[in-house]
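Hello, and thanks for asking for a second pair of eyes on this one. Please have a look at the model first; my notes follow in numbered points.

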Amino acid sequence: MQKLIIKGKRELSGKISISGSKNSTLPILAATILADRANIKNIPLVKDIFTMVELLNFIGLKTKINKRKNLIEIKNYKKNLNTLAPYKLVKTMRAGVLVLGSLLTRYGKAKVSLPGGCAIGTRPVDLHLFALKKLGAKIKIKDGYIFAEAKKGLKGTTIKFPSISVGATENALLASFRAKGKTILKNCAIEPEIKDLISFLKKLGANINLKGRTITIIESKKNISQVSHEVIFDRIELGTYIIACALMAKKKVIINKINPKMIKSEINLLKKIGVNIKKYKSSLIIIKNNNLKSISITTKPYPGFPTDLQAQLMVLLTQANGISKIKEDIFENRFMHVPELKRMGAQIEIKNKTAIIKGPTKLTGAEVMATDLRASVSLVLAGLVAENRTIINRIYHLDRGYEFLENKLKKCKAEIIRI
Ligand code: UD1
(Lines give C-alpha, C1' and ligand atoms only; values in the text may rest on other atoms or scores of the structure.)
Protein backbone atom coordinates (compact mmCIF):
# COMPACT_ATOMS: atom_id res chain seq x y z
CA MET A 1 0.00 0.00 0.00
CA GLN A 2 1.29 3.45 -0.89
CA LYS A 3 2.26 6.07 1.68
CA LEU A 4 3.19 9.71 1.62
CA ILE A 5 6.20 10.93 3.53
CA ILE A 6 6.36 14.62 4.26
CA LYS A 7 9.28 16.48 5.74
CA GLY A 8 7.61 19.40 7.47
CA LYS A 9 8.47 23.05 8.00
CA ARG A 10 9.56 23.60 4.40
CA GLU A 11 8.60 27.07 3.21
CA LEU A 12 6.32 27.13 0.21
CA SER A 13 6.75 29.50 -2.70
CA GLY A 14 5.90 29.35 -6.39
CA LYS A 15 2.79 28.75 -8.44
CA ILE A 16 -0.12 26.29 -8.25
CA SER A 17 -2.69 25.73 -11.00
CA ILE A 18 -6.08 24.51 -9.86
CA SER A 19 -7.63 21.54 -11.65
CA GLY A 20 -11.17 21.08 -12.90
CA SER A 21 -13.81 20.33 -10.30
CA LYS A 22 -14.32 16.66 -9.44
CA ASN A 23 -17.78 17.33 -8.02
CA SER A 24 -18.77 19.18 -11.18
CA THR A 25 -17.35 16.62 -13.58
CA LEU A 26 -19.14 13.68 -11.91
CA PRO A 27 -22.76 14.85 -12.45
CA ILE A 28 -21.85 16.22 -15.89
CA LEU A 29 -20.47 12.82 -16.87
CA ALA A 30 -23.73 11.26 -15.63
CA ALA A 31 -25.55 13.82 -17.78
CA THR A 32 -23.66 12.79 -20.93
CA ILE A 33 -26.02 9.80 -21.07
CA LEU A 34 -28.54 12.38 -22.32
CA ALA A 35 -26.37 13.39 -25.30
CA ASP A 36 -25.35 11.57 -28.48
CA ARG A 37 -21.94 13.17 -28.35
CA ALA A 38 -20.24 15.16 -25.64
CA ASN A 39 -16.77 16.65 -25.22
CA ILE A 40 -15.97 17.54 -21.63
CA LYS A 41 -12.89 19.67 -21.04
CA ASN A 42 -10.88 20.46 -17.90
CA ILE A 43 -11.68 17.12 -16.25
CA PRO A 44 -9.43 16.26 -13.30
CA LEU A 45 -7.50 13.01 -13.73
CA VAL A 46 -8.51 11.49 -10.40
CA LYS A 47 -9.79 8.08 -9.35
CA ASP A 48 -13.46 9.06 -8.90
CA ILE A 49 -13.60 10.36 -12.46
CA PHE A 50 -12.06 7.13 -13.80
CA THR A 51 -14.63 5.14 -11.79
CA MET A 52 -17.48 7.19 -13.30
CA VAL A 53 -16.03 6.65 -16.78
CA GLU A 54 -15.82 2.90 -16.05
CA LEU A 55 -19.49 3.04 -15.12
CA LEU A 56 -20.40 4.84 -18.36
CA ASN A 57 -18.43 2.21 -20.31
CA PHE A 58 -20.22 -0.56 -18.42
CA ILE A 59 -23.56 1.01 -19.32
CA GLY A 60 -22.52 1.02 -22.98
CA LEU A 61 -21.27 4.53 -23.80
CA LYS A 62 -18.08 4.93 -25.80
CA THR A 63 -15.52 7.04 -23.99
CA LYS A 64 -12.07 8.30 -24.89
CA ILE A 65 -9.89 10.18 -22.42
CA ASN A 66 -7.13 12.47 -23.63
CA LYS A 67 -5.01 12.78 -20.48
CA ARG A 68 -2.68 15.39 -21.92
CA LYS A 69 -5.60 17.70 -22.63
CA ASN A 70 -7.79 16.75 -19.62
CA LEU A 71 -10.50 16.03 -22.14
CA ILE A 72 -13.03 13.24 -22.47
CA GLU A 73 -15.01 12.48 -25.63
CA ILE A 74 -18.18 10.50 -25.18
CA LYS A 75 -20.46 8.92 -27.77
CA ASN A 76 -23.82 7.36 -27.13
CA TYR A 77 -25.93 6.57 -30.18
CA LYS A 78 -27.53 3.46 -28.69
CA LYS A 79 -31.29 3.00 -28.58
CA ASN A 80 -30.88 0.41 -25.84
CA LEU A 81 -28.28 0.52 -23.15
CA ASN A 82 -27.34 -1.69 -20.27
CA THR A 83 -29.28 0.47 -17.79
CA LEU A 84 -27.48 -1.04 -14.81
CA ALA A 85 -25.08 0.55 -12.33
CA PRO A 86 -23.53 -2.38 -10.44
CA TYR A 87 -22.59 -2.49 -6.75
CA LYS A 88 -18.86 -2.83 -7.40
CA LEU A 89 -18.76 0.60 -9.05
CA VAL A 90 -21.32 2.50 -6.94
CA LYS A 91 -19.90 1.29 -3.62
CA THR A 92 -16.54 2.98 -4.25
CA MET A 93 -18.07 6.19 -5.51
CA ARG A 94 -21.50 7.35 -4.40
CA ALA A 95 -21.90 9.73 -7.35
CA GLY A 96 -22.61 6.60 -9.44
CA VAL A 97 -26.17 6.93 -8.20
CA LEU A 98 -26.50 10.04 -10.40
CA VAL A 99 -26.90 7.93 -13.53
CA LEU A 100 -30.36 7.08 -12.18
CA GLY A 101 -31.91 10.40 -13.29
CA SER A 102 -30.26 10.36 -16.73
CA LEU A 103 -31.12 6.71 -17.48
CA LEU A 104 -34.75 7.27 -16.49
CA THR A 105 -34.97 10.33 -18.73
CA ARG A 106 -33.43 8.74 -21.80
CA TYR A 107 -34.26 5.05 -21.46
CA GLY A 108 -37.26 5.01 -19.08
CA LYS A 109 -35.65 2.53 -16.70
CA ALA A 110 -32.65 1.97 -14.48
CA LYS A 111 -31.27 -0.51 -11.99
CA VAL A 112 -28.76 1.18 -9.74
CA SER A 113 -27.03 -0.25 -6.69
CA LEU A 114 -27.74 1.41 -3.36
CA PRO A 115 -24.49 3.14 -2.44
CA GLY A 116 -24.52 1.98 1.19
CA GLY A 117 -22.77 3.71 4.05
CA CYS A 118 -19.45 5.42 3.88
CA ALA A 119 -16.83 6.55 6.34
CA ILE A 120 -18.35 9.98 6.97
CA GLY A 121 -21.87 8.79 7.76
CA THR A 122 -24.86 6.80 6.58
CA ARG A 123 -25.46 8.98 3.48
CA PRO A 124 -28.89 7.73 2.39
CA VAL A 125 -30.51 8.39 -1.01
CA ASP A 126 -34.07 8.85 0.22
CA LEU A 127 -34.18 12.44 -1.07
CA HIS A 128 -33.10 11.31 -4.55
CA LEU A 129 -35.88 8.71 -4.61
CA PHE A 130 -38.42 11.13 -3.12
CA ALA A 131 -37.88 13.49 -6.09
CA LEU A 132 -37.93 10.74 -8.71
CA LYS A 133 -41.18 9.32 -7.30
CA LYS A 134 -42.79 12.76 -7.39
CA LEU A 135 -41.84 12.98 -11.05
CA GLY A 136 -43.77 9.77 -11.63
CA ALA A 137 -41.05 7.11 -11.53
CA LYS A 138 -42.00 3.74 -10.07
CA ILE A 139 -39.33 2.80 -7.55
CA LYS A 140 -38.70 -0.55 -5.91
CA ILE A 141 -35.80 -1.55 -3.68
CA LYS A 142 -34.75 -5.18 -3.90
CA ASP A 143 -31.53 -7.09 -3.24
CA GLY A 144 -29.59 -3.89 -2.56
CA TYR A 145 -30.65 -2.31 -5.85
CA ILE A 146 -32.96 0.57 -6.78
CA PHE A 147 -35.26 -0.49 -9.62
CA ALA A 148 -36.73 2.61 -11.28
CA GLU A 149 -39.13 2.78 -14.20
CA ALA A 150 -40.93 5.51 -16.14
CA LYS A 151 -42.05 3.81 -19.34
CA LYS A 152 -44.18 6.73 -20.49
CA GLY A 153 -41.66 9.33 -19.40
CA LEU A 154 -41.59 11.55 -16.36
CA LYS A 155 -44.06 14.31 -15.60
CA GLY A 156 -43.29 17.80 -14.34
CA THR A 157 -44.52 18.73 -10.87
CA THR A 158 -43.57 20.82 -7.84
CA ILE A 159 -41.11 19.22 -5.44
CA LYS A 160 -39.98 20.77 -2.19
CA PHE A 161 -36.96 19.00 -0.71
CA PRO A 162 -37.38 18.58 3.06
CA SER A 163 -33.64 19.24 3.42
CA ILE A 164 -30.88 20.41 1.11
CA SER A 165 -28.94 17.77 -0.80
CA VAL A 166 -26.43 18.30 -3.61
CA GLY A 167 -26.84 14.81 -5.09
CA ALA A 168 -30.64 14.78 -4.83
CA THR A 169 -30.85 18.18 -6.55
CA GLU A 170 -28.61 16.86 -9.33
CA ASN A 171 -30.58 13.64 -9.79
CA ALA A 172 -33.85 15.61 -9.82
CA LEU A 173 -32.43 17.96 -12.48
CA LEU A 174 -31.34 15.03 -14.65
CA ALA A 175 -34.74 13.39 -14.26
CA SER A 176 -36.75 16.54 -15.00
CA PHE A 177 -34.64 17.46 -18.04
CA ARG A 178 -37.27 16.04 -20.43
CA ALA A 179 -40.24 15.75 -18.02
CA LYS A 180 -43.56 16.80 -19.51
CA GLY A 181 -44.73 20.31 -18.66
CA LYS A 182 -43.16 22.30 -15.87
CA THR A 183 -41.08 21.12 -12.91
CA ILE A 184 -40.40 23.32 -9.93
CA LEU A 185 -37.71 22.16 -7.51
CA LYS A 186 -37.72 24.01 -4.20
CA ASN A 187 -35.16 24.12 -1.39
CA CYS A 188 -32.42 23.00 -3.78
CA ALA A 189 -28.68 22.91 -3.27
CA ILE A 190 -27.16 25.80 -5.25
CA GLU A 191 -23.48 24.89 -5.17
CA PRO A 192 -21.42 26.19 -8.15
CA GLU A 193 -21.25 22.54 -9.29
CA ILE A 194 -25.07 22.48 -9.57
CA LYS A 195 -24.90 25.68 -11.63
CA ASP A 196 -22.29 24.02 -13.87
CA LEU A 197 -24.61 21.05 -14.41
CA ILE A 198 -27.43 23.45 -15.27
CA SER A 199 -25.24 25.20 -17.82
CA PHE A 200 -24.38 21.81 -19.37
CA LEU A 201 -28.08 20.85 -19.55
CA LYS A 202 -28.91 24.23 -21.11
CA LYS A 203 -26.41 23.48 -23.86
CA LEU A 204 -28.44 20.32 -24.50
CA GLY A 205 -31.52 22.47 -25.00
CA ALA A 206 -32.99 22.51 -21.48
CA ASN A 207 -35.05 25.48 -20.39
CA ILE A 208 -33.90 25.95 -16.78
CA ASN A 209 -34.11 28.91 -14.49
CA LEU A 210 -32.53 29.23 -11.04
CA LYS A 211 -33.76 31.80 -8.54
CA GLY A 212 -32.76 31.64 -4.89
CA ARG A 213 -33.08 27.96 -3.96
CA THR A 214 -35.80 27.31 -6.58
CA ILE A 215 -35.08 25.72 -9.95
CA THR A 216 -37.74 25.77 -12.66
CA ILE A 217 -37.47 23.43 -15.62
CA ILE A 218 -39.86 23.94 -18.51
CA GLU A 219 -40.19 21.14 -21.05
CA SER A 220 -38.11 22.13 -24.02
CA LYS A 221 -38.81 21.11 -27.59
CA LYS A 222 -35.20 21.81 -28.50
CA ASN A 223 -33.23 18.64 -28.92
CA ILE A 224 -29.52 19.29 -29.16
CA SER A 225 -27.59 16.07 -29.12
CA GLN A 226 -23.98 17.22 -29.41
CA VAL A 227 -22.38 19.34 -26.79
CA SER A 228 -19.03 20.67 -25.65
CA HIS A 229 -18.43 21.89 -22.13
CA GLU A 230 -15.57 23.02 -19.92
CA VAL A 231 -16.02 22.23 -16.24
CA ILE A 232 -15.37 24.88 -13.59
CA PHE A 233 -12.30 24.85 -11.33
CA ASP A 234 -12.27 22.80 -8.14
CA ARG A 235 -13.12 25.22 -5.33
CA ILE A 236 -12.32 22.63 -2.64
CA GLU A 237 -8.89 22.00 -4.12
CA LEU A 238 -8.40 25.78 -4.19
CA GLY A 239 -9.47 26.13 -0.54
CA THR A 240 -7.06 23.33 0.39
CA TYR A 241 -4.09 25.06 -1.26
CA ILE A 242 -5.00 28.46 0.19
CA ILE A 243 -4.79 26.83 3.61
CA ALA A 244 -1.49 25.10 2.75
CA CYS A 245 -0.06 28.48 1.78
CA ALA A 246 -1.56 30.24 4.78
CA LEU A 247 0.36 27.73 6.90
CA MET A 248 3.67 27.66 5.08
CA ALA A 249 4.11 30.35 2.38
CA LYS A 250 6.60 32.81 3.83
CA LYS A 251 7.21 34.14 0.35
CA LYS A 252 4.25 34.41 -1.95
CA VAL A 253 2.44 31.57 -3.70
CA ILE A 254 0.36 32.39 -6.75
CA ILE A 255 -2.70 30.20 -7.25
CA ASN A 256 -4.20 30.46 -10.71
CA LYS A 257 -6.88 29.12 -13.08
CA ILE A 258 -9.65 30.14 -10.69
CA ASN A 259 -12.50 32.59 -10.22
CA PRO A 260 -12.33 34.22 -6.76
CA LYS A 261 -16.01 35.19 -6.95
CA MET A 262 -17.00 31.55 -6.66
CA ILE A 263 -15.46 31.19 -3.21
CA LYS A 264 -16.18 34.66 -1.91
CA SER A 265 -17.46 33.56 1.48
CA GLU A 266 -14.55 31.14 2.07
CA ILE A 267 -12.05 33.90 1.18
CA ASN A 268 -13.82 36.32 3.53
CA LEU A 269 -13.72 33.78 6.34
CA LEU A 270 -10.03 33.04 5.80
CA LYS A 271 -9.29 36.78 5.72
CA LYS A 272 -11.13 37.14 9.02
CA ILE A 273 -8.80 34.52 10.49
CA GLY A 274 -5.93 36.65 9.21
CA VAL A 275 -4.87 34.82 6.05
CA ASN A 276 -3.11 37.20 3.65
CA ILE A 277 -5.02 36.86 0.38
CA LYS A 278 -4.74 39.19 -2.60
CA LYS A 279 -7.47 38.69 -5.19
CA TYR A 280 -7.01 39.09 -8.93
CA LYS A 281 -9.33 38.26 -11.82
CA SER A 282 -8.30 34.63 -12.18
CA SER A 283 -5.69 34.16 -9.49
CA LEU A 284 -4.85 34.70 -5.85
CA ILE A 285 -1.62 35.48 -4.04
CA ILE A 286 -1.21 34.03 -0.55
CA ILE A 287 1.44 34.91 2.02
CA LYS A 288 1.65 33.39 5.49
CA ASN A 289 0.62 35.50 8.47
CA ASN A 290 2.06 34.47 11.82
CA ASN A 291 -0.73 36.08 13.76
CA LEU A 292 -3.86 34.09 12.95
CA LYS A 293 -7.06 34.65 14.91
CA SER A 294 -9.42 31.99 16.28
CA ILE A 295 -12.94 31.70 14.93
CA SER A 296 -16.25 29.84 15.40
CA ILE A 297 -18.04 28.50 12.34
CA THR A 298 -20.63 25.93 11.28
CA THR A 299 -20.50 24.00 8.02
CA LYS A 300 -23.49 24.76 5.78
CA PRO A 301 -24.73 24.20 2.24
CA TYR A 302 -23.41 26.74 -0.29
CA PRO A 303 -22.98 29.71 0.09
CA GLY A 304 -22.12 28.65 3.66
CA PHE A 305 -18.76 27.21 4.67
CA PRO A 306 -18.33 23.81 2.94
CA THR A 307 -18.06 20.59 4.92
CA ASP A 308 -15.46 19.53 2.33
CA LEU A 309 -13.07 22.16 3.75
CA GLN A 310 -13.80 21.52 7.41
CA ALA A 311 -10.85 19.18 8.07
CA GLN A 312 -8.39 21.48 6.29
CA LEU A 313 -9.65 24.54 8.17
CA MET A 314 -9.19 22.66 11.43
CA VAL A 315 -5.47 22.26 10.73
CA LEU A 316 -5.19 26.00 10.09
CA LEU A 317 -6.98 26.72 13.37
CA THR A 318 -4.45 24.63 15.32
CA GLN A 319 -2.06 27.47 14.41
CA ALA A 320 -4.42 30.33 15.33
CA ASN A 321 -4.32 32.18 18.65
CA GLY A 322 -7.07 31.15 21.08
CA ILE A 323 -10.00 28.74 21.09
CA SER A 324 -11.78 28.02 17.80
CA LYS A 325 -14.95 26.03 17.28
CA ILE A 326 -16.14 24.16 14.21
CA LYS A 327 -19.62 22.69 14.19
CA GLU A 328 -20.11 20.01 11.53
CA ASP A 329 -23.73 20.28 10.51
CA ILE A 330 -23.80 18.32 7.22
CA PHE A 331 -22.40 14.88 8.02
CA GLU A 332 -22.68 13.03 11.32
CA ASN A 333 -19.27 11.38 11.37
CA ARG A 334 -16.81 13.76 9.84
CA PHE A 335 -14.24 14.26 12.57
CA MET A 336 -12.16 11.18 11.89
CA HIS A 337 -9.09 13.29 11.21
CA VAL A 338 -9.22 14.55 14.82
CA PRO A 339 -7.59 11.52 16.55
CA GLU A 340 -4.87 11.56 13.86
CA LEU A 341 -4.24 15.30 14.30
CA LYS A 342 -4.10 14.75 18.05
CA ARG A 343 -1.35 12.17 17.51
CA MET A 344 0.59 15.01 15.90
CA GLY A 345 0.10 17.21 18.94
CA ALA A 346 -3.09 19.10 18.09
CA GLN A 347 -5.28 20.04 21.04
CA ILE A 348 -8.79 19.28 19.89
CA GLU A 349 -11.81 18.17 21.86
CA ILE A 350 -15.10 16.99 20.38
CA LYS A 351 -18.41 17.80 22.04
CA ASN A 352 -21.39 16.44 20.10
CA LYS A 353 -21.18 18.00 16.65
CA THR A 354 -18.53 20.58 17.61
CA ALA A 355 -14.75 20.39 17.55
CA ILE A 356 -13.05 22.76 19.96
CA ILE A 357 -9.54 23.62 18.82
CA LYS A 358 -6.94 25.19 21.08
CA GLY A 359 -4.18 27.09 19.35
CA PRO A 360 -1.50 27.75 18.57
CA THR A 361 0.01 24.30 19.03
CA LYS A 362 3.27 22.94 17.79
CA LEU A 363 2.59 19.94 15.56
CA THR A 364 5.17 17.18 15.27
CA GLY A 365 5.43 14.49 12.62
CA ALA A 366 3.94 11.06 13.30
CA GLU A 367 2.70 8.02 11.42
CA VAL A 368 -0.99 8.62 10.68
CA MET A 369 -3.79 7.02 8.71
CA ALA A 370 -6.01 8.64 6.09
CA THR A 371 -9.71 7.80 6.53
CA ASP A 372 -11.52 9.69 3.77
CA LEU A 373 -10.72 12.13 1.02
CA ARG A 374 -10.79 15.43 2.89
CA ALA A 375 -9.51 13.96 6.18
CA SER A 376 -6.51 12.66 4.22
CA VAL A 377 -5.62 16.01 2.78
CA SER A 378 -5.89 17.61 6.23
CA LEU A 379 -3.13 15.23 7.32
CA VAL A 380 -1.00 16.41 4.39
CA LEU A 381 -1.51 20.01 5.55
CA ALA A 382 -0.61 19.03 9.12
CA GLY A 383 2.49 17.26 7.77
CA LEU A 384 3.58 20.44 5.97
CA VAL A 385 3.45 22.51 9.14
CA ALA A 386 4.72 19.83 11.56
CA GLU A 387 8.27 19.39 12.71
CA ASN A 388 10.09 16.30 11.45
CA ARG A 389 8.62 13.57 9.28
CA THR A 390 4.98 12.62 8.84
CA ILE A 391 4.03 9.33 7.25
CA ILE A 392 0.50 9.11 5.88
CA ASN A 393 -0.91 5.64 5.26
CA ARG A 394 -3.88 4.63 3.10
CA ILE A 395 -3.47 7.51 0.69
CA TYR A 396 -5.71 5.92 -1.94
CA HIS A 397 -8.39 8.21 -0.50
CA LEU A 398 -6.36 11.21 -1.68
CA ASP A 399 -6.12 9.84 -5.19
CA ARG A 400 -9.92 9.85 -5.41
CA GLY A 401 -10.01 13.62 -5.56
CA TYR A 402 -6.70 15.50 -5.76
CA GLU A 403 -4.99 15.69 -9.14
CA PHE A 404 -1.15 15.64 -8.99
CA LEU A 405 -1.14 16.59 -5.30
CA GLU A 406 2.51 15.78 -4.61
CA ASN A 407 3.71 17.37 -7.84
CA LYS A 408 1.81 20.58 -7.20
CA LEU A 409 3.24 20.82 -3.69
CA LYS A 410 6.75 19.80 -4.75
CA LYS A 411 6.77 22.57 -7.36
CA CYS A 412 6.22 24.93 -4.44
CA LYS A 413 9.23 23.47 -2.65
CA ALA A 414 7.45 21.09 -0.27
CA GLU A 415 9.36 17.91 0.56
CA ILE A 416 6.88 15.17 -0.10
CA ILE A 417 7.37 11.72 -1.59
CA ARG A 418 5.17 8.73 -2.32
CA ILE A 419 6.47 5.26 -1.60
C1 UD1 B 1 -21.89 16.14 -2.28
C2 UD1 B 1 -20.41 16.16 -2.57
C3 UD1 B 1 -19.61 15.99 -1.29
C4 UD1 B 1 -20.02 17.03 -0.26
C5 UD1 B 1 -21.53 17.05 -0.07
C6 UD1 B 1 -22.01 18.19 0.82
C7 UD1 B 1 -20.28 15.24 -4.80
C8 UD1 B 1 -19.88 14.11 -5.65
N9 UD1 B 1 -20.11 15.08 -3.49
O10 UD1 B 1 -22.19 14.87 -1.73
O11 UD1 B 1 -18.23 16.14 -1.59
O12 UD1 B 1 -19.42 16.75 0.98
O13 UD1 B 1 -22.19 17.19 -1.34
O14 UD1 B 1 -21.61 19.40 0.31
O15 UD1 B 1 -20.70 16.27 -5.27
N16 UD1 B 1 -28.94 13.20 2.63
C17 UD1 B 1 -30.06 12.53 3.02
N18 UD1 B 1 -30.78 11.88 2.06
C19 UD1 B 1 -30.42 11.90 0.75
C20 UD1 B 1 -29.25 12.61 0.36
C21 UD1 B 1 -28.54 13.25 1.34
O22 UD1 B 1 -30.43 12.50 4.19
O23 UD1 B 1 -31.11 11.29 -0.08
C24 UD1 B 1 -28.15 13.90 3.68
C25 UD1 B 1 -26.70 13.38 3.77
O26 UD1 B 1 -26.63 12.24 4.61
C27 UD1 B 1 -26.00 14.58 4.34
C28 UD1 B 1 -26.73 15.77 3.71
O29 UD1 B 1 -27.99 15.26 3.27
O30 UD1 B 1 -26.15 14.62 5.74
C31 UD1 B 1 -26.03 16.42 2.54
O32 UD1 B 1 -25.65 15.43 1.60
P33 UD1 B 1 -25.59 15.72 0.05
O34 UD1 B 1 -25.65 17.19 -0.17
O35 UD1 B 1 -26.59 14.87 -0.63
O36 UD1 B 1 -24.14 15.19 -0.31
P37 UD1 B 1 -23.71 14.38 -1.61
O38 UD1 B 1 -24.45 14.85 -2.79
O39 UD1 B 1 -23.67 12.94 -1.30
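1. A word on terms before the strands come up: two strands pair if DSSP finds at least two bridges between them. Helices (H or I, at least four residues) and strands (E, at least two) are DSSP runs, numbered from the N terminus. With that in hand, strand 11 (residues 182-186) and strand 13 (residues 214-218) run antiparallel and are joined by four bridges. Lys182 stands opposite Ile218 in strand 13.

2. Two housekeeping remarks. This is a predicted model, in which local features need pLDDT of at least 70, side-chain atom pairs count only at pLDDT 80 or more, and totals for chains, interfaces and linings use all residues. Residues are numbered from 1 along each chain as its sequence is written, and side-chain values use heavy atoms, with hydrogens and water left out.

3. Strand 13 has another partner: five bridges join strand 12 (residues 207-211) to strand 13, and these two run antiparallel. Asn209 stands opposite Thr216 in this pairing. Strand 12 and strand 13 form a hairpin with two residues between them, and Gly212 in the turn has a positive phi of about 60°.

4. Among the buried residues of helix 7 are Ile194, Leu197, Ile198, Phe200 and Leu201; here buried means under 20% relative accessible area, exposed over 50%, and partly exposed in between (1.4 Å probe, protein chains only). Just after helix 7, Gly205 takes a positive phi of about 105°.

5. Next, an open sheet of four strands, ordered 22-23-1-24 with mixed pairing. Strand 22 (367-369) and strand 24 (415-418) are the edge strands, each pairing on one side only. From one strand to the next the twist averages 20°. Strand 22 and strand 23 (residues 389-393) run parallel, with three bridges between them; the partner of Glu367 in strand 23 is Ile391. Helix 12 (residues 373-385) lies across strand 1 (4-7), strand 22, strand 23 and strand 24, at about 30° to strand 1. Such axes are lines fitted to C-alpha atoms, for helices over the stretch in contact, and angles run from 0 to 180 degrees between N-to-C directions; contact means heavy atoms within 4.5 Å.

6. Another open sheet of four strands has the order 2-15-17-16, again with mixed pairing. Its edge strands are strand 2 (14-17) and strand 16 (276-279), each pairing on one side only. Its twist averages 20° from one strand to the next. Four bridges join strand 2 to strand 15 (residues 253-256), and the two run parallel, with Ile16 opposite Ile255. Helix 9 (residues 264-273) packs on this sheet, touching strand 16 and strand 17, and its direction makes about 140° with that of strand 16.

7. Asn289 lies in the loop between strand 17 (283-287) and strand 18 (296-298). Which residues does Asn289 contact, leaving aside its neighbours within four places in sequence? They are Ala246, Gly274 and Asn276. Asn289 and Ala246 are 43 residues apart in sequence and 6.8 Å apart in space, C-alpha to C-alpha. Asn289 counts as partly exposed because its relative accessibility is 22%.

8. Some backbone geometry to check by eye. Most residues other than glycine have a negative phi, and most peptide bonds are trans. A cis peptide bond joins Tyr302 and Pro303, with omega about 10°; Pro303 lies in the loop between strand 18 and helix 10 (310-317). A cis peptide bond also joins Gly359 and Pro360, with omega about -5°, and Pro360 is in the loop between strand 21 (354-359) and strand 22.

9. Two loop residues have positive phi without being glycine. Arg394, in the loop between strand 23 and helix 13 (396-399), has a phi of about 55° and is partly exposed at 33% relative accessible area. Lys413, in the loop between helix 14 (405-411) and strand 24, has a phi of about 75° and is exposed at 51%.
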